Amino acid sequence: MALFLARNRSALARIASKSRPSFSKRFMSADDNFEQIKEESTLWMKYSLGFSLLVGAAATYSLLDHFSHHDHHHEETEFTHLHVRTKPYPWECSHCNLVDSECYLRCKEERAAE
């Protein structure tokens, strides 16, 4: 193999140089027409600014509409599958979860009323 490479080194170099693409010129869509490029760039900057203002106005309207409603009370739906327990909790109000402060306060009020 080494003998083959030594004899044919110049032939292999010619084949390798022909198979390699030459990038002597970059083919871009913008030729030498600078004025057209400048006009197109200015046009797209105006489009971007206009749509940015439009999106900003829509976002501002949406935020103002959302926060103008002062009634943010949400009704909690009682789901029966959430209170399935096989044994009571080991604390004073055994039917209340550990971090359910509303249930714990109701339980304390019921015990105080008894």
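Author: A disulfide is a pair of cysteine sulfur atoms within 2.5 Å. The model is predicted, with local features needing pLDDT of at least 70 and side-chain atom pairs counting only at pLDDT 80 or more, while totals for chains, interfaces and linings use all residues. Residues are numbered from 1 along each chain as its sequence is written, and side-chain values use heavy atoms, with hydrogens and water left out.

Reader: What makes C93 and C107 a disulfide?

Author: Their sulfur atoms are 2.1 Å apart, and the cut-off is 2.5 Å, so the pair qualifies. The structure holds two disulfides; C96 and C103 form one of them, also with an S to S distance of 2.1 Å.

Reader: What pattern do the disulfides of the protein follow?

Author: With bonded cysteines counted along the chain, the pattern is 1-4, 2-3.

Reader: Why is the disulfide of C93 and C107 called left-handed?

Author: The torsion about its S-S bond is about -95°, and therefore the disulfide is left-handed. C93 lies in the loop between helix 3 and helix 4 (101-113), whereas C107 lies in helix 4, so the bond ties together parts that are 14 residues apart in sequence. For C96 and C103 the torsion is about -75°, so this disulfide is left-handed as well.

Reader: How many helices and strands does the protein have?

Author: Helices (H or I, at least four residues) and strands (E, at least two) are DSSP runs, numbered from the N terminus. By this rule the protein has four helices and zero strands, and its elements run α-α-α-α from the N terminus on.

Reader: What makes K108 and E92 a salt bridge?

Author: A salt bridge is a side-chain nitrogen of Lys or Arg within 4 Å of a carboxyl oxygen of Asp or Glu. The N to O distance between K108 and E92 is 2.9 Å, so the pair meets the definition. K108 lies in helix 4 and E92 in the loop between helix 3 and helix 4, so the pair ties together parts that are 16 residues apart in sequence. The structure holds one salt bridge. K108 has a relative accessible area of 32% and E92 has 42%; both values fall between 20% and 50%, so these residues are partly exposed.

Reader: Which residues make the nonpolar surface patch?

Author: Patches are made of residues with over 30% relative accessible area and no salt bridge: like charges are joined within 9 Å, nonpolar side chains (Val, Leu, Ile, Met, Phe, Trp, Tyr) within 5 Å. L43, W44, Y47, F51 and L54 make the nonpolar patch of about 550 Å². F51 belongs to helix 3 (residues 34-67). Its relative accessible area is 54%, over the 50% limit, so F51 is exposed.

Reader: Which residues gather in the patch of negative charge?

Author: E75, E76, E78 and E102 gather there on the surface. E78 sits in the loop between helix 3 and helix 4. At 62% relative accessibility, E78 counts as exposed.

Note on methods:
Areas by Shrake-Rupley, 256 points an atom, 1.4 Å probe, with all protein chains shown as cover. Buried < 20%, exposed > 50% of the residue type's maximum accessible area, 1.4 Å probe, protein only. Lys, Arg positive; Asp, Glu negative; His and termini not counted. Charge placed at Lys NZ, Arg CZ, Asp CG, Glu CD.
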